[in-house]
Amino acid sequence: MAIPHTIQEQHPADPLLLLPIPEKLPPSPLPALPSLISAFDPYIDASKTSSSSPEDESIALPVLTSSMRQITRNAQVLLNAARLGAAEAREELDGVDVKMREVEYERNRVREETQRCIDYESAHEPIDLPNVETFLASVGQTPKDDEGYEYALTILQLEHELEEILKREAQVAQLTKDRDAHIRAKKEIKIKTDAVDVHLAGFARTANAHYSKSKYYPALIVYPVSVTLSRN
């Protein structure tokens, strides 16, 4: 059996790449490599064969190649398991990276919204917020050194401000409704006024026409005649 002098790169279609990964992985082949290499020396270097004593019996080449195949198989199984573990770790890392990007995006959004709230300037008159005493009475006299004090105070102020905003929005909606009603009434009055103007214009034209006829043709004027009835 000829021993190759060079080892080529593994072909993608090599059956060793498709070996199933067992539940219990084989041991590492590294401890067995030195003895296997030394057993191959007599077949590689002829000088070592001539210098060896007759008592040293060389291991048969088929046995060595069988051991080499087994070591190669175990090494390939370990390599496949390492590749699979690396792929799973890479997939997990990609998932963590995506989640981290989502968290960073949400963090930036929160920062932007917080800055907008800080820079907000109301176009309307400021809303009166409850004082600290009212807040302490509503929450049961929370001490100032409590960690949730500032948070609860902020929540209460925001809720109060929201109530005031809703009230003002309701007032604006009612005023808008009243304004629309006045606009509709004004349009109806204008329509009726335009109709009266049209009627008066027609009446004026008719009156002018009759006046012109009576001026040039007096005989056409019909005068009222009083009739007296006699009784027998």
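Q: Is Asp-97 buried, partly exposed or exposed?
A: This is a predicted model, in which local features need pLDDT of at least 70, side-chain atom pairs count only at pLDDT 80 or more, and totals for chains, interfaces and linings use all residues. Residues are numbered from 1 along each chain as its sequence is written, and side-chain values use heavy atoms, without hydrogens and water. Buried means under 20% relative accessible area and exposed over 50%, with partly exposed in between (1.4 Å probe, protein chains only). Asp-97 has a relative accessible area of 28%, so the residue is partly exposed.

Q: Which residue forms a salt bridge with Asp-97?
A: A salt bridge is a side-chain nitrogen of Lys or Arg within 4 Å of a carboxyl oxygen of Asp or Glu. The closest N and O atoms of the pair are 2.9 Å apart, and the partner of Asp-97 is Arg-101.

Q: In which helix do Asp-97 and Arg-101 lie?
A: Helices are DSSP runs (H or I, at least four residues), numbered from the N terminus. Asp-97 and Arg-101 are four residues apart, about one turn of the helix, and both belong to helix α3.

Q: What is the N to O distance between Lys-190 and Asp-194?
A: Both residues lie in helix α5 (residues 149-216), four residues apart. Lys-190 is exposed because its relative accessibility is 53%, whereas Asp-194, at 35%, is partly exposed. Their side chains meet in a salt bridge, with an N to O distance of 3.2 Å.

Q: Which residue meets Arg-179 in a salt bridge?
A: Arg-179 has a relative accessible area of 48% and is therefore partly exposed. At 3.3 Å, N to O, its side chain meets that of Asp-180.

Definitions and conventions. Helix = DSSP H or I, 4+ residues; strand = E, 2+ residues; numbered from the N terminus.
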